[in-house]
Amino acid sequence: EETLTDVANDQSRPGLDIVGATVDNGDYAVTVTMNFRADRNGYAVMGLKAHDRGLLRVAVRHEVDGADRDFLLDAGGRVRCAGLTSTWVATTATVTVPSTCLWRGNYGAVRAPWLLTEALGHADVDVAGPTHWIARG
């Protein structure tokens, strides 16, 4: 597990402002908890990388009214992922990606090259990271 901090009020435009995140590489899932300065509409996007594996992106489209949608993407686009979930409580989002969705479960340590937020119009708002390599388990 690794925890990141990010300076508050450093976003390039109004939207989700990352102030901290924790990435946990568990045996059965990768869990990313992101803390924001305020609850706003926008996308939270996390890059995930394993040794000798392509970059995966986990994206959550968040709307303050609770109409959230979760996506897993590889270089070819959207990837089906049963069990991909996100939970938002006030200014904290917890995203869980089952290990079976990540390189078919065939990986060890992971790192998050970046965590970023985007406005609903896809303009970058804030970025944090990278993490170090985080051992599985």
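Author: The lining of the largest pocket has six nonpolar, one polar and three charged residues (Ala, Val, Leu, Ile, Met, Phe, Trp, Tyr, Cys and Pro count as nonpolar, Asp, Glu, Lys and Arg as charged, and the others, Gly among them, as polar). The model is predicted: local features need pLDDT of at least 70 and side-chain atom pairs pLDDT 80 or more, while totals for chains, interfaces and linings use all residues. Residues are numbered from 1 along each chain as its sequence is written, and side-chain values use heavy atoms, without hydrogens and water.

The space in the largest pocket is about 150 Å³. Of its 10 lining residues, those closest to the centre are Val-45, Arg-57, Ala-59, Leu-73 and Glu-118. Two or more lining residues come from each of strand 4 (42-50), strand 5 (56-62) and strand 6 (69-74), and strand 6 gives the most, three. A pocket here is an open set of points on a 1 Å grid over the protein atoms alone, where a 1.4 Å probe fits, with protein on both sides within 12 Å along at least five of seven lines; lining residues have an atom within 4 Å of a point. The volume is the space filled by probe spheres set on points joined across faces, edges and corners. Strands (E, at least two residues) are DSSP runs numbered from the N terminus.

As for the disulfide (cysteine sulfur atoms within 2.5 Å), the whole structure has one. Cys-81 and Cys-101 form it, with sulfur atoms 2.1 Å apart. The S-S torsion of Cys-81 and Cys-101 is about 95°, so this disulfide is right-handed.

Key: Helix = DSSP H or I, 4+ residues; strand = E, 2+ residues; numbered from the N terminus.
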